[in-house]
Amino acid sequence: MHFDDVILGRRSVRGYTAEPVPRALIEEVLTLAMRAPSSMNTQPYHFHVVGGAALDAIRAGNTERMLGGVPQSREFRTGAAFAGAHRDRQVGVAKQLFTAMGIARNDADARQDWVMRGFRQFDAPVCVIITFDRDLADSDDTVFDCGAVATLLVNAAWSRGLGTVINSQGIMQSPVVREHAAIPDDQVIMKSIALGWPDAQFPANAVVSERRTVDEAAVFIGFEPEDE
């Protein structure tokens, strides 16, 4: 794929086939992702690539704890609930997804099932858990660098025909994730990324989330006005 085709074509994939992903292909994707820039080349991130029985154990543990009312224990700061324009965008993409999936506003069971898919890593065959070195946890550069490598990862995967979705729900029960993914104590769990072959029949996979225009997002200083 050309670069523009990857960037403009990529979307979050929430439905996967059961076809396994070869380890060599995952390593190829990670190799590309690790070309991401990082603050002074610190490269603070690590990847814990989980599949098979270990991933099934994480899915089961997440589901059991969440349905049992165990409070979430994500290891990164989430801040206050979204409000204003940020909340509007959050609601907007949810409406797109629910419409695609035919989930009615008053269908509590279907909505609950949709939420639980996130705790199951959307039933993808692979989950990539991104962590960072705990001794760098006080630096915002570290979190920024993890975002950069995650961005390259999802785009590299798309260029190889793979789908991904960056997922916070999958790591909300961090003790479960830490145990079954064998994550050492010197690491902070940042995000999980579901990865696999997209299911072309899964309606939500066709959803393209809306983006602001450059005029809405950017301010240009020191540029001459362009001729209309």
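**View 1. Asp 140 is an exposed residue, at 57% relative accessibility.** Here, exposed means over 50% relative accessible area, buried under 20%, and partly exposed in between, with a 1.4 Å probe and protein chains only. This is a predicted model, in which local features need pLDDT of at least 70, side-chain atom pairs count only at pLDDT 80 or more, and totals for chains, interfaces and linings use all residues. Residues are numbered from 1 along each chain as its sequence is written, and side-chain values use heavy atoms, with hydrogens and water left out. Asp 140 meets Arg 77 in a salt bridge, 3.5 Å from N to O. The pair links distant parts of the chain, 63 residues apart: Arg 77 is in the loop between helix 3 and helix 4, and Asp 140 is in helix 6 (residues 140-159). Arg 77 is exposed too, at 75%. A salt bridge is a side-chain nitrogen of Lys or Arg within 4 Å of a carboxyl oxygen of Asp or Glu. The whole structure holds 7 salt bridges. Helices (H or I, at least four residues) and strands (E, at least two) are DSSP runs, numbered from the N terminus.

View 2. An α-helix has 3.6 residues a turn, so residues three or four places apart point the same way. Arg 59 is buried at 13%. Asp 56 is partly exposed at 44%.

**View 3. Asp 123 and Arg 117 meet in a salt bridge, 3.7 Å from N to O.** Salt bridges with shared partners join Arg 117, Arg 120 and Asp 123 into one network. Arg 117 is buried at 11%, while Asp 123 is partly exposed at 33%. Asp 123 sits in the loop between helix 5 and strand 2. Its phi is positive, near 60 degrees, though Asp 123 is not a glycine. Gln 121 lies in the loop between helix 5 and strand 2 (126-133). Gln 121 has a positive phi of about 55 degrees and is buried at 1%. Most residues other than glycine have a negative phi.

**View 4. Trp 114 and Phe 202 form a stacked aromatic pair.** Their ring centres are 6.4 Å apart, with planes at 10 degrees. Rings of Phe, Tyr and Trp (its six-membered ring) pair if their centres lie within 6.5 Å; planes under 30 degrees apart count as stacked, over 60 as edge-to-face and the rest as tilted. Trp 114 lies in helix 5 (residues 108-119) and Phe 202 in the loop between strand 4 (187-196) and helix 8 (214-217), so the pair ties together parts 88 residues apart in sequence. Trp 114 is buried at 11%, and Phe 202 is buried at 13%. The count is 3 aromatic pairs. Among them is the tilted pair of Tyr 45 and Phe 47, at 5.7 Å centre to centre and 40 degrees between planes.

**View 5. Cys 127 and Cys 146 are not joined by a disulfide.** A disulfide is a pair of cysteine sulfur atoms within 2.5 Å. The sulfur of Cys 127 is 15 Å from its closest cysteine sulfur, in Cys 146, and therefore too far for a bond. The disulfide count is 0. Cys 127 is buried at 2%, and Cys 146 is buried at 3%.
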